[in-house]
Amino acid sequence: MKWVFPGKVGGGGGGGGGEGKAVVFKSKLKWVGLFGLVLSAFSLFTHFLLARCTDGFAVTEYKSSVTIFSWRPIFENADLSTATALYRRLWGPVRRLESIHPYANPRGNYAAPASQTNGFVFVRIRGGFHEIRNSICDVVVVARLLNATLVIPEIQSTTSSKGISTQFKSFAYLYSEDHFMAALAEDIRIVKTLPKDLKGARRKKEIPSFKVPNSASPYYYLHHVLPVLSRHSVVELVVPDGGCLQALLPPHLEEYQRLRCRVAFHALKFRDEVQELSTKILYRLRASGRPFIAYDPGMTRDALAYHGCAELFQDVHTELIQHKRAWMIKRGIVKGNLSVDSAEQRLNGLCPLMPEEIGILLRAYGYSWDTIIYVSGGEVFGGQKKLIPLHAMFENVVDRTSLSMPWELNVMYGREANLVDKYPKTSPPAKEEKKPGAWKTSGPRPRPLPPPPARAKYPYNIEGWWGLVAESDNEPESTVIELRTNAHKLLWEAIDYTICVEADVFIPGFDRDGKGFPNFASLVMGHRLYQLANSKTFRINRKEIAKLLEEVGDNFYQANHTWITSVRRHLRRELVDGLADELRRSKPLSFLSFPIPECSCLRGEPSEVSVSVNASSSPDHSSLHDVLGSMQHCPSWMDADVASPPKDKENEQDDVDENEPDLPGAAPLFRQSVGSNESGAELSNKEETQMEDQEELEGGER
């Protein structure tokens, strides 16, 4: 091929020279293009390396001009002073609970595990995150009770899920096996797998199996399971509903309650990949130097169906909840009618608080529009549109998706196959309905026209929840993608659990699951009560809050100062008084939701103990007073670690600043400026402060 330039046409010698120059020019272009490609590849590689390996993830600093996350916080003031009384009221610890400290070590005659055991206990656990966590703690106690060797439990939510990574199996998909075994070495004997001969017997289903009832008593294990274990040297326990041992054990088994605490709060450590991503998200939340609130909505479809809260939603969501409730009634999970008055259930405190209502409560308490709120939970039924009012009231509402990168989640998931390409969906051809034979043999016209053929149903017509409600009374079988998503939800909730426990403030929207038992939020509140009892955790009385919300009706955003004061007093009192409700409602169902006094102690001199609950206000508060009053004092080595805080009069005052820029009486709660007072109807801060101070000094009397 010859290169010919227009100016060189005609001369033989000139044509040859032009051809040579053209070849040289073409070679230079090749080298320039190659150099550009190499430079681009090197630049791209450098950027990826910096993004993944930069120490401390400095690229995520909030003052940077570029951020790799979708969340970019906006604050009214660059600095938040921590020395003000307003800060102490919003973020400070609950002083009346400062003397309670974690102490789950054995205290009495607690022998080491015997070298010779009665056999092996193999456990299969089903359920969600909180059910798995409760069950693991229970089976450890059961193994200790039976003097058995525990095989690391099998989590059915992962082993039955197809499509997840083979890198992590069963228990190791969520928790660290090595840490679990090392932390409980002084309590029970633990092995990773059964011996080879028992493995074969299990595959042939030759070992005895027990489907353990929920909240079984120690008598059940000692008189039904132990004899079988002694004969066969192995038993299999199937735990289907979460929790296989009763929450309240007899007084002589108090050491077993402390064993539960050691399992839940020390031995159950998430695997390294989950722990690493949780730490990164916590760092990104705190990088601005501001505290944050963790909020768990608790709005799952199962919980809404169980408690009859369908009418809180509209359109298809109500139908979906009712469909689930009918399914529960058919299987005996729910005992009651299909139709329930959701408004009455809400007034009785049996339905979750909506995100909008939580936002109103937080604004009424005094949190500004730029407060950071982390929304946890693997599912918010109704979708992101239910969080729109919360986003309208608070600028910095985030979740794990806005604080992590896709590749970080993929590292946590492990290597997974591309199931979408492996199992493509194809629409089957439409089926034409044949006319009945009677129409073909009928007489001459006039005659009525035959009915039109049925409309062909393609998969996209019945795909999704609406198609499920229209087509069948039974839940459809889960697809491979749905099974994988269910397994991923365990990891998502593990991240949320870590962040909620470490949050400066925690507020739950609901504390019951789809079976009426304490849910994810209850476990978080129990962990916070054990780890740092004086952390600010709002244990909301939903029945009283529903009445307060009904008082203002449609004027949520224009509440007067009397209503705001009532909300503040209720939330402040429930910081301590809410423990009485937890003791009465949650502890009999789940010990981990209220692990005191068994797993805690009081630090300091008896006269300095600041736990004060009025014993004469109600029987519930009287029982709480007795429980906290019977708590043992911490060992002397714990008292020596912490200096007593000064007991001057200023520290005894309440966390309310008399000069606090309160919300005005007619100002909208979602307004992005709480410092101005457009209406001129400001609260009487001095009078309110004196009243709240008196309540604080009197121990929270109602």
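A disulfide is a pair of cysteine sulfur atoms within 2.5 Å. This predicted model holds three disulfides. Counting bonded cysteines along the chain, the pattern is 1-4, 2-3, 5-6.

**Cys261 and Cys599**
- A disulfide joins Cys261 to Cys599, with an S to S distance of 1.9 Å.
- The pair links distant parts of the chain, 338 residues apart. Cys261 sits in helix α8 (residues 254–267), and Cys599 lies in the loop between α23 and β13.
- The link of Cys261 and Cys599 is right-handed, with 85° about the S-S bond.
- Cys261 and Cys599 are buried.

**Cys309 and Cys351**
- The sulfur atoms of Cys309 and Cys351 are 2.0 Å apart and form a disulfide.
- Here, too, distant parts of the chain are linked, 42 residues apart. Cys309 is in the loop between α10 and α11, and Cys351 is in the loop between α12 and α13.
- The torsion about the S-S bond of Cys309 and Cys351 is about -100°, so this disulfide is left-handed.
- Both Cys309 and Cys351 are buried.

**Cys601 and Cys634**
- Cys601 and Cys634 form a disulfide, with sulfur atoms 1.9 Å apart.
- Cys601 belongs to strand β13, and Cys634 to the loop between α24 and α25, 33 residues apart.
- With 95° about the S-S bond, the link of Cys601 and Cys634 is right-handed.
- Cys601 counts as buried because its relative accessibility is 0%. Cys634 is buried at 8%.

**Other cysteines**
- The closest cysteine sulfur to that of Cys137 is in Cys261, 8.4 Å away, so it is too far for a bond.
- Cys137 is buried, with a relative accessible area of 1%.
- Cys500 is buried too, at 0%.

Notes: Residues numbered from 1 in each chain as written. Predicted model: local features only at pLDDT ≥ 70, side-chain atom pairs only at ≥ 80, totals over all residues. Heavy atoms only, no water. Helix = DSSP H or I, 4+ residues; strand = E, 2+ residues; numbered from the N terminus. Buried < 20%, exposed > 50% of the residue type's maximum accessible area, 1.4 Å probe, protein only.
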